[in-house]
Amino acid sequence: MAETDTPPATDPVLLASDRLEIFTPPVTAIRKHRIIGFDARDARARPFNLLRTSFAKKLKEEGHRLVGVTSATPAAGKSFLSMNLASSLARVVDEPVYLVDLDIRRASLGEEIGLEPDHGIESYLEGSVDDLAAIGRRIEGTNLCIFPAIRRANNTAELLAGERFSQLIATLRDQSDAAIVLFDLPPAFANDDAMISLAQLDGFVLVVDSGKTTKRHVQDVMSMLYPTPCVGSILNRYRGGLGDSYGYGYGGPDYSKYYDREPE
Ligand SMILES: Nc1ncnc2c1ncn2[C@@H]1O[C@H](COP(=O)(O)OP(=O)(O)O)[C@@H](O)[C@H]1O
Ligand SMILES: [Mg+2]
């Protein structure tokens, strides 16, 4: 990690969402990556609205604001769900919703919204960029602020265990009491990254890939991440049930369902 003398002071103004550059995601990227949470009129966004409501209620009840999204294995839909959940949440809350890419080895949020930044959150963590506001983008016309990462293959655990990571968390915590921060994390089994970063967050959401994630996986993730609270689970790529009545079918994303408890 690059040497840093004193980390920048935590100052809410540093990260006020109106300091962030505004970004308009190209429609092609939004379509390609199936980001439907921005559009209230899109019928496919309805399951995310349900997900958002249960999720926001649970966070409020339990006083959690900084929440990681993880899974047992890769490609479970963490980034897809984080992006859609965050964009859907940002439509109903008055405060900004922050979405931070911490899956530094397989960072994807920038690409998903068609953003090609020169530096991402990894540069803040290693100390080469001091101003967090230079990394985040506010999505035009919304309350959603995205902090992308640029992929990096090595030393990610060191970045997440460093002083700058604590500083990032402190700065995000210092934002308004009502701001929700979602972190797109790596899979829990891949390396130490999810476990290290979760030690400083309020809780995690477990994405369960329907048909792929086994009961054993879930039990192992729960014990691995203990004592960080699991604020719920999302059953992804689930077909049937409520999804059918919401018009999910050909061409649409598979249904996902939030459970207000740990999976059994
Ligand atoms: N419910 C879903 N419906 C449609 N496509 C999905 C769904 N969940 C995930 N995907 C797609 O599957 C791929 C892997 O998902 P991703 O979110 O990148 O996984 P992860 O972040 O867990 O590695 C992506 O192309 C994503 O768009
Ligand atoms: Mg991902």
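**Confidence in the model**

pLDDT is the predictor's confidence in each residue, on a scale from 0 to 100. The protein averages a pLDDT of 87, and 85% of the residues score at least 70. This is a predicted model, in which local features need pLDDT of at least 70 and side-chain atom pairs count only at pLDDT 80 or more, while totals for chains, interfaces and linings use all residues. Residues are numbered from 1 along each chain as its sequence is written, and chains are lettered from A and ligands numbered from 1 in the order in which they are written.

Confidence is highest in helix 4 (residues 109-112), at a mean of 98, and lowest in helix 10 (residues 242-245), at 38. Over residues 241-253 the pLDDT is below 50, and beyond near neighbours in sequence this stretch has 13 contacts in the model. Two residues are in contact if their C-beta atoms, placed from the backbone, lie within 7 Å.

**Overall layout**

The secondary structure comes to ten helices and nine strands. Here helices (H or I, at least four residues) and strands (E, at least two) are DSSP runs, numbered from the N terminus. Of the contacts with a separation of 6 or more, 81% are between residues 24 or more positions apart.

Buried residues make up 44% of the 264 residues. A residue is buried if 20 or more other C-beta atoms lie within 10 Å of its own, exposed if 12 or fewer, and partly exposed in between, with C-beta atoms placed from the backbone.

**The nonpolar core**

In soluble globular proteins, nonpolar side chains tend to be buried together. A nonpolar core is a set of buried Ala, Val, Leu, Ile, Met, Phe, Trp, Tyr and Cys residues joined through C-beta atoms within 7 Å. The largest one here has 67 residues, of which Ala86, Tyr98, Leu99, Val181 and Leu182 touch the most other members. Helix 3 (residues 78-90) gives this core its largest share, seven residues.

Let's look at strand 3 (residues 97-101), where five of five residues are buried. Strands pair if DSSP finds at least two bridges between them. Strand 3 pairs with strand 5 (residues 144-147) in the parallel sense over four bridges, and Leu99 has Ile146 as its bridge partner there. Five bridges join strand 3 to strand 6 (residues 180-184), also in parallel, with Val100 bridged to Phe183.

Beyond its neighbours within four places in sequence, Leu99 is in contact with residues including Ala86, Leu109, Ile146 and Leu182.

**Helix 7**

Which residues of helix 7 (residues 163-173) are buried? They are Arg164, Phe165, Leu168 and Leu172. These residues sit on the same side of helix 7 because they cover an arc of only 105 degrees around the axis, taken from the directions from the helix axis to the C-beta atoms. The buried residues pack against strand 2 (66-71), strand 3, helix 5 (121-126), helix 6 (156-161) and strand 6.

**Backbone details worth a look**

Most residues other than glycine have a negative phi, and most peptide bonds are trans. A cis peptide bond, with omega about 10 degrees, joins Tyr226 and Pro227. Pro227 is in the loop between helix 9 (215-225) and strand 8 (230-238).

Arg34 has a positive phi near 55 degrees and lies in the loop between helix 1 (27-32) and helix 2 (46-62). Arg34 is partly exposed, because 15 other C-beta atoms lie within 10 Å. Ala75 has a positive phi near 60 degrees and is found in the loop between strand 2 and helix 3. With 12 C-beta neighbours inside 10 Å, Ala75 counts as exposed.
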